[in-house]
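Take a look at the fold before going on.

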Amino acid sequence: RTIQNGRKNWLKTLEESTKNEDISALKWVIGKGRTLGFEGGSGSMRWASPQIAKAYLTLRDLKRRREKAEIASRYKKLLGEKFVRAEPVGTDSSGNRFWLFDHEEERLYIEIMKRREKA
């Protein structure tokens, strides 16, 4: 009966950690699942219950998503360091354009436009 309760609690914890996308909790649940008999075998002959197999797949997917998010974050940071504004922040009545650049936020640059003489 104690083992049954342990397995029920394990399944509930597995469901919660999957729902919350909690990688460390999933790692713990997988380890605990081994001790409760959800996985076993020896040598090259291994077996796993559908629940623990799903936990492994969920853990793998969460790790991949985390890695992709970290790569995207690093890329965004690097891009922000190198990015030059493609559009001016404004213009005046003479057609001059005003620019702010991320690396020098305290300076406003003015691009003075030469007027073309009408022929």
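What percentage of the 119 residues in the protein is buried? Buried residues, those under 20% relative accessible area with a 1.4 Å probe and protein chains only, account for 19%.

A word on the source: this is a predicted model, in which local features need pLDDT of at least 70 and side-chain atom pairs count only at pLDDT 80 or more, while totals for chains, interfaces and linings use all residues. Residues are numbered from 1 along each chain as its sequence is written, and side-chain values use heavy atoms, leaving out hydrogens and water.

The protein has three helices and five strands, taken as DSSP runs (helices H or I, at least four residues; strands E, at least two) and numbered from the N terminus. Their order from that end is α-α-β-β-α-β-β-β.

The largest nonpolar core holds twelve residues, among them Trp10, Leu14, Ile23, Phe38 and Leu62. Such a core is a set of buried Ala, Val, Leu, Ile, Met, Phe, Trp, Tyr and Cys residues joined through side-chain atoms within 4.5 Å.

| Element | Residues |
|---|---|
| α1 | 2–19 |
| α2 | 23–35 |
| α3 | 50–82 |

Glu21 lies in the loop between α1 and α2. Its phi is near 55°, a positive value in a residue other than glycine. Most residues other than glycine have a negative phi.

Key. Buried means under 20% relative accessible area, exposed over 50%, partly exposed in between (1.4 Å probe, protein chains only).
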